Structure formats: structure tokens, C-alpha cells
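The following note sets out comments on helix packing, aromatic contacts and a few individual positions. Please read the points alongside the sequence and the structure.

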Amino acid sequence: MLSQSPPRPRFTGGVGRLRGWRRLTCAWGAGAVGALAMPPYGFLPALVVSLTLAVWMMDGALVGRSGRKRLGQAFLLGWAWGFGFLTAGLWWLGKAFLVEADEFLWALPLGVIGLPFGLGLFYGAGFSLAGIVWSRGPSRIAALALGIGGAEWLRGHVLTGFPWNVLGMALGQNLWLMQSAATIGLYGLTVLAVLIAAAPATLIDRESALRRFGPSVAAITVLAGLGFAGSERLRTPDPAVPGVRLRLVQPNLQQDAKFRPENRDDIVDRYIELSERPPEAGEPAPTHIVWPESAFPFLIQREADTRERIAAGLKPHRVLMTGAARTDEPLPGERPRIYNAIMVIEADGTITDTYDKVHLVPFGEYLPGILDGALRALGLRQFVAIPGGFSAGNPATQRILTVPGLPPVVGTICYEAIFPAAIRPVGQPVDAAKPPGLILNVTNDGWFGDTPGPRQHLAQARLRAVEEGLPMVRDANTGISAVIDPHGRILGQTKIDVETYLDADLPGRIEGGTLYARYGDWLFAGMLLICAGLSLAGRERV
């Protein structure tokens with residue numbers, strides 16, 4: 001008959017025999033080591049060490065003296081691993097609390113420790129799921145991929161989601177390896193990353209040579225295959241869209257001065273001056289100007305004179321795409337809603353189209369409804385000092401921007417670009433004759449300074465281009481601004497914390513799109529089912 005629990009392992013490198021706080025401390029450390037595989041470091045062997053240790057600790061944690069599985073121990077192990085992984089990967093969030101330290105310094109531990117502590121619960125659930133189908137032998141690698149893959153998907157969707165530094169980025173930051181995202185997306189890469197990185201755990205098993213060495217050989221083969229297939233895919237050229245020359249303006253405005261109304265004239269002058277600098281010798285003049293997220297410390301839609309000033313500063317026939325706060329006309333007795341928006345401003349100063357940010361940052365742009373009243377009663381507010389916080393745009397009525405001279409534009413603001421599949425039009429019919437031609441991402445990473453944060457943000461936005469088969473145009477206030485083709489090749493980028501601009505052509509889209517653009521995460525779901533089947537099929541008979 002089938003065993004209801006895996007036999008106690010005879011050898012797990014010592015870590016399988018750890019108990020109590022020692023096991024949790026080791027798990028936390030193993031998770032922290034795994035963060036070195038994430039951008040901007042990209043040291044894949046760190047994830048191998050991290051997940052191999054996790055497998056060995058699971059071997060020891062799951063089975064007690066009674067011989068029954070201890071899923072509670074698996075949960076604690078997974079939580080500690082995830083806590084360490086996210087603490088080491090997201091420590092830079094603390095920089096945002098120092099921008100207005102007099103008001104937010106007290107909350108720094110909540111961002112640096114509290115967020116990873118809470119998000120670690122997803123990994124606890126994932127390790128518990130893996131524990132249900134865990135058994136001795138190679139199949140436990142598939143069980144771990146099932147658990148972590150499911151946990152990462154939930155982390156990206158539950159409570160608005162926060163898919164930052166998903167394990168798939170260990171593969172998704174390498175130009176050759178990231179090409180697989182065009183088929184299976186970020187979460188599919190996560191399953192592959194776990195299968196590959198955890199495979200060496202079987203090398204110390206006292207099994208047949210095939211069962212000991214087979215997973216590692218398979219992992220190396222898959223990794224090499226992904227690299228070869230990616231290199232072949234990169235042979236496809238991405239010709240530029242004719243008649244389009246972009247200028248991405250990076251003003252490098254500091255956060256403590258950016259939103260002060262008294263700086264409004266200086267800010268507008270800086271944008272115009274950078275926009276109108278002559279191009280390099282022999283280079284064409286820009287046709288489209290891009291300014292970053294929340295470019296103005298005022299509502300430009302109500303400032304006709306400022307729009308006229310901008311139009312006068314921009315040469316004729318140029319189009320401006322800029323981040324800006326926007327308000328609607330409130331009903332009598334109601335407070336106006338403020339939106340974080342992208343606006344299209346033509347050469348005469350007219351605003352011809354807008355996109356309102358749909359996926360707002362909790363605590364950064366608004367306070368979650370369940371906490372809003374209580375926190376405001378204590379005198380607390382979100383980071384961006386908008387009365388009542390920003391309102392979210394309606395995804396069912398907007399997403400595609402119409403910009404003269406450009407193919408249809410998919411608008412994304414700030415961290416919206418880290419959500420797989422979320423950038424596709426929602427509730428809007430896509431004109432087959434005019435499919436989306438680029439992803440525009442305006443952002444302000446100035447909150448996080450010169451830390452791994454802006455670099456991680458760029459790496460994740462870059463993967464959206466590969467998934468969707470669309471070029472990415474990314475303009476950041478303090479950097480890193482970049483133009484990325486639909487294969488993930490960075491055609492130009494700026495340095496961080498530098499006042500500058502970037503001129504570049506617009507790459508074309510991949511004709512016919514990608515499998516991921518058509519099917520989304522359904523292929524990832526199929527990968528989870530395969531992992532579940534392998535886990536169940538590999539359970540030992542006693």
C-alpha cells in the first residue's frame with residue numbers, strides 16, 4: 001500500500017536534524033542567501049544553495065517519532081525561509097520611510113520587517129502544500145516546485161498582490177533564459193527555477209545512481225536548453241517603427257522638493273529645458289516626449305497657462321506623454337477624486353487622452369479601506385500627501401492610450417509594471433487592425449534612492465516586454481529610464497540619480513504576439529498539475 005508519510009531520511013547534510021529555533025534560524029538564513037539570485041545580483045548558485053538546504057530541512061521537519069507528517073513544522077519552515085528571502089531582498093524599502101523621517105520613521109520596522117514577516121506566510125502555506133505530497137526520492141523536488149509556485153502566484157494576487165522578487169526572476173533577468181517567459185510567463189519561470197535549483201538535493205540520497213544524479217543532470221540539461229532556445233529566439237530582429245523618435249526626460253527631482261508648490265516654475269522649466277536640448281550630431285529630432293510619474297506639484301488640467309507655456313516650449317508637431325495628478329468634477333457635496341494619471345498633451349497644449357492608474361500602492365497612495373478610518377484617527381496618512389489618497393481608475397473602461405503618431409499605447413504607472421498579465425487591456429475590445437504597439441511605464445523610484453529597488457523594478461518591467469511581445473518605454477524621475485525591445489534587449493538606458501534624457505527609436509512589436517499574451521497563466525497552471533502528478537506518482541511503497 002502507499003505510505004502515508006515519507007520515511008525519516010538517513011542523511012541530510014546535518015541540517016535535516018536541526019530542531020526548534022535552530023531549524024528556523026537556518027531556514028531564515030537559507031532564504032536570505034536565495035535573495036542573492038534576484039536582481040541586481042543574479043547569482044543563480046545562491047538559489048541552488050538556498051533551495052537545496054530547504055529540501056533537506058523539509059526531509060527532517062516533516063516526520064516525527066510517530067512517523068506521521070508534521071505539516072505544522074513544514075509551515076513554520078516555509079514561513080522562516082520566506083521571511084529570510086524577503087527581508088534580504090526588500091530591505092531597501094526602508095529608504096522610503098526616511099524621505100519624511102519626521103513623520104514616517106516610526107513605521108520603518110513595519111516596512112523592513114513587518115512586510116516580509118507577513119508575506120512569509122505564503123511560503124509557509126506553499127511548504128505545507130508540498131508536505132502533503134512529499135516523499136523520499138526525486139519526486140520531492142516537484143513537490144517543492146508545486147508548493148512554491150502556488151505560493152508565489154497567491155502572493156501576486158491576494159490582498160491586491162505584491163509579486164516583487166518572485167523566484168522566477170532568478171531566470172527572468174538573464175537575456176537568454178528570460179525568452180521562455182514569452183510562453184510560460186513569470187510564474188512558469190518560478191516553477192522551472194525551483195526544479196532546477198533544488199535538484200542537487202538528491203545528490204546525497206542513498207538511492208540508485210539514476211535517482212541520485214538524474215535530477216541534477218535533468219536540471220543542467222533544461223537550463224542549457226532554455227539558454228539555447230533563448231539565443232535562437234534572439235536572432236529575430238526588431239525593426240524600429242518608422243517616423244518615431246522618443247525622448248525620455250529624467251529630471252532627477254528629489255522627493256523632499258518634488259511636491260512643493262513653490263517649486264512649480266522651476267520644475268516646469270527643468271522639464272522644458274531637458275525636452276528641448278538639441279539631439280546628438282546626426283541624430284533625428286524627437287517626435288514624442290515622455291515625462292515621468294507625477295511630474296507636477298499641481299493639477300495641470302486646471303492650469304491652462306502652464307499648458308500653454310509647455311506647448312510654447314515644445315517645438316511644433318511634438319506630442320508629450322506625462323505623468324500627472326488628475327481630478328474629476330465631483331458631485332455636489334462630495335470631495336473630488338484625485339487620480340495618478342498619464343496624460344497625452346498635443347502641441348497646442350490640449351489634453352487629448354488620459355489613463356488613470358488602476359493598481360494603487362497600499363499605504364503609499366492610499367490607506368486600505370479596512371484601516372483607513374482607524375489610521376487617520378491616529379493622525380496617519382499614506383506616503384503621498386493627497387487628502388483621502390488617490391482613487392483607482394476603472395480597468396473596465398480604460399487602458400489603451402491614443403497618441404498621435406504612435407501605435408496604441410498600453411499605459412502603466414509605477415509598480416503596475418511588475419504584475420504579469422495585468423498590463424493587457426481589460427474590458428476593452430482590441431482592434432485586430434490596431435493591436436497594442438508598446439507598453440509605456442512612467443514611474444518615480446526616487447523614494448528608494450541608489451539601492452537595489454530601482455534596479456529590481458527595471459528588471460521586472462523588462463520581463464513584461466518579453467511576456468507580451470511588446471516594446472517597453474520606461475521613464476523614471478531619478479532613473480533608471482530605458483527603452484526595451486519585445487525580446488527584452490535594452491536599447492538604451494540612463495544612470496540612476498542623474499539629470500539627463502534618453503533619445504531612442506521605438507522598436508516594433510512581435511507580429512502575432514506571444515503564447516503568454518494569448519493564454520496568460522493557464523500554461524503555468526498546467527505546469528503545477530504536472531508537478532502534482534509527478535509528486536503523487538513518486539510516493540514510495542513500503
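1. A definition is needed at the outset: angles under 35 degrees count as roughly parallel, over 145 as roughly antiparallel, 65 to 115 as roughly perpendicular, and the rest as oblique. The model is a predicted one, in which local features need pLDDT of at least 70 and side-chain atom pairs count only at pLDDT 80 or more, while totals for chains, interfaces and linings use all residues. Residues are numbered from 1 along each chain as its sequence is written, and side-chain values use heavy atoms, with hydrogens and water left out.

2. Helices α3 and α5 cross at roughly 140°, and their axes come within 6 Å; the two are therefore oblique to each other. Axes here are lines fitted to C-alpha atoms, for helices over the stretch in contact, and angles run from 0 to 180 degrees between N-to-C directions. Helices (H or I, at least four residues) and strands (E, at least two) are DSSP runs, numbered from the N terminus. The crossing of α3 and α5 is right-handed, a term used if the near helix is turned clockwise from the far one by less than a right angle, with left-handed for anticlockwise.

3. Helix α2 (residues 44-62) also packs with α3, at an angle of about 160° and with the axes 9 Å apart. That angle makes α2 roughly antiparallel to α3. The crossing of α2 and α3 is right-handed.

4. How many aromatic pairs does the count come to? Rings of Phe, Tyr and Trp (its six-membered ring) pair if their centres lie within 6.5 Å; planes under 30 degrees apart count as stacked, over 60 as edge-to-face and the rest as tilted. By this rule there are 17 aromatic pairs. In one of them, W81 and Y123 have ring centres 5.7 Å apart and planes at 55°, so the pair is tilted. Because W81 lies in helix α3 (residues 71-90) and Y123 in helix α5 (residues 108-132), the pair ties together parts that are 42 residues apart in sequence. W81 is buried, with a relative accessible area of 0%, and Y123 is buried at 1%. Buried means under 20% relative accessible area, exposed over 50%, and partly exposed in between (1.4 Å probe, protein chains only).

5. The rings of F296 and F298 also form a tilted pair, because their centres are 5.4 Å apart and their planes stand at 40°. F296 is buried at 4% relative accessibility, and F298 is buried at 10%. A charge sits over a ring if NZ of Lys or CZ of Arg is within 6 Å of the ring centre and within 35 degrees of the ring normal. The charged end of R247 likewise sits over the ring of Y501, 3.9 Å from its centre. Separately, W28, W79, F83 and F117 form one aromatic cluster.

6. The count of disulfides (pairs of cysteine sulfur atoms within 2.5 Å) comes to 0. C414 is buried at 13% relative accessibility, and C531 is buried at 3%.

7. I300, in the loop between β2 (288-291) and α12 (304-313), is buried at 0% relative accessibility. I300 and R326 are 26 residues apart in sequence and 7.6 Å apart in space, C-alpha to C-alpha. V466, in helix α14 (residues 452-468), is buried at 0% relative accessibility. V466 and G488 are 22 residues apart in sequence and 5.5 Å apart in space, C-alpha to C-alpha.
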